[in-house]
Amino acid sequence: MATSTMAQQFRLRSRLQVRGHLVFDTGWRIGTGREGQTSDLGVLLDAAGQPMLPGSSIKGKLRSTCEALAPALNLRACLLNVEASGVGCASDVRWYSRQRESYRQALEAGIEERLAWIRKNTCDVCQLFGSPVQAARLRCSDGTLVNPGAAVVRVRDGVVLDRDSHTAADVLKYDYETVAAGTRFEIVFDLDNPTPADEALLGAALFEWASGSSLGGFTSRGLGRFHLENITLRGVDLDNPQERLRYLTRPRPEDKLNDRGDWQTYFQRRIENHLQTSTRGN
Ligand SMILES: [Zn+2]
């Protein structure tokens, strides 16, 4: 863009919003790390005593899903560890500390140089989820509990096995809280100014979650299986005059955005286009 200025680079140009129901197919737990009301390991509850699904937990899981899928999309994932991944990225604190001088020079040289530095020195996953040098383009809201009556907290027994005798050591018995299968949360992702790579990555993650994944604590014991359903897609393109007017003049947030049609069709097209234009090893 010829008349690029800082204001143009950082203004909101478009937004894509994904809504869906995250449904737990098994019991699940997101722990507090503290004792529960009735057990050794409690689950996270809100002020009204209802189980919570924090946006940070959803985002963390979405990030690890995207990291796992990135290579199949010819995208870079640093795994927050340059040594382990071989991908240089400013999110790795030790790696970034060695690049600070080159980043400082890019900052001084101007906005174009700064953005070019960020594109070169942050992986594709961190460009979506944020890094020390760039805010996240993706936001995850806290889950909204859809069926409070089903979200019953139960206490289970946990047993630590004696590794030598393979018998339960009575002294190491403890119990922990879980929330019942069937708990359903509405979740919302907002993606601002997405790039084609962002949409391909998020789309592939949504297909993965629709088919089923796991979230929270004790997943190795079969807890936390979930799937995503009732996915809807809305958005706004502020370069489109009608959509811009609608966005600026509707008081209710749900009326500001426009239906983007079937999510599978939308993201399948994005993933196909991305794969056609990207090459392995870039
Ligand atoms: Zn990264």
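**Overview and core**

Modeller: The protein has 10 helices and 9 strands, taken as DSSP runs numbered from the N terminus (helices H or I, at least four residues; strands E, at least two). This is a predicted model, where local features need pLDDT of at least 70, side-chain atom pairs count only at pLDDT 80 or more, and totals for chains, interfaces and linings use all residues. Residues are numbered from 1 along each chain as its sequence is written.

Colleague: What share of the residues is buried?

Modeller: Of the 282 residues, 30% are buried, meaning 20 or more other C-beta atoms within 10 Å of their own; 12 or fewer is exposed, in between is partly exposed, and C-beta atoms are placed from the backbone.

Colleague: Which residues touch the most others in the largest nonpolar core?

Modeller: C66, A77, C78, V125, L201 and A205, out of 50 residues. Such a core is a set of buried Ala, Val, Leu, Ile, Met, Phe, Trp, Tyr and Cys residues joined through C-beta atoms within 7 Å. Helix 7 gives the largest share, 8 residues.

Colleague: Where does this core lie relative to the domains?

Modeller: Between domain 1 (15–34 + 47–77 + 134–150 + 182–277) and domain 2 (82–122), because both give residues to it. The bounds come from an automatic or database domain assignment.

Colleague: Different topic. Is R15 buried or partly exposed?

Modeller: R15 is partly exposed, because it has 19 C-beta neighbours inside 10 Å. R15 lies in strand 1.

Colleague: And what does R15 contact beyond four places in sequence?

Modeller: D190, L191, D192, G235 and V236, a contact being C-beta atoms, placed from the backbone, within 7 Å. R15 and L191 are 176 residues apart in sequence, with 5.6 Å between their C-alpha atoms.

Methods: Two residues are in contact if their C-beta atoms, placed from the backbone, lie within 7 Å.
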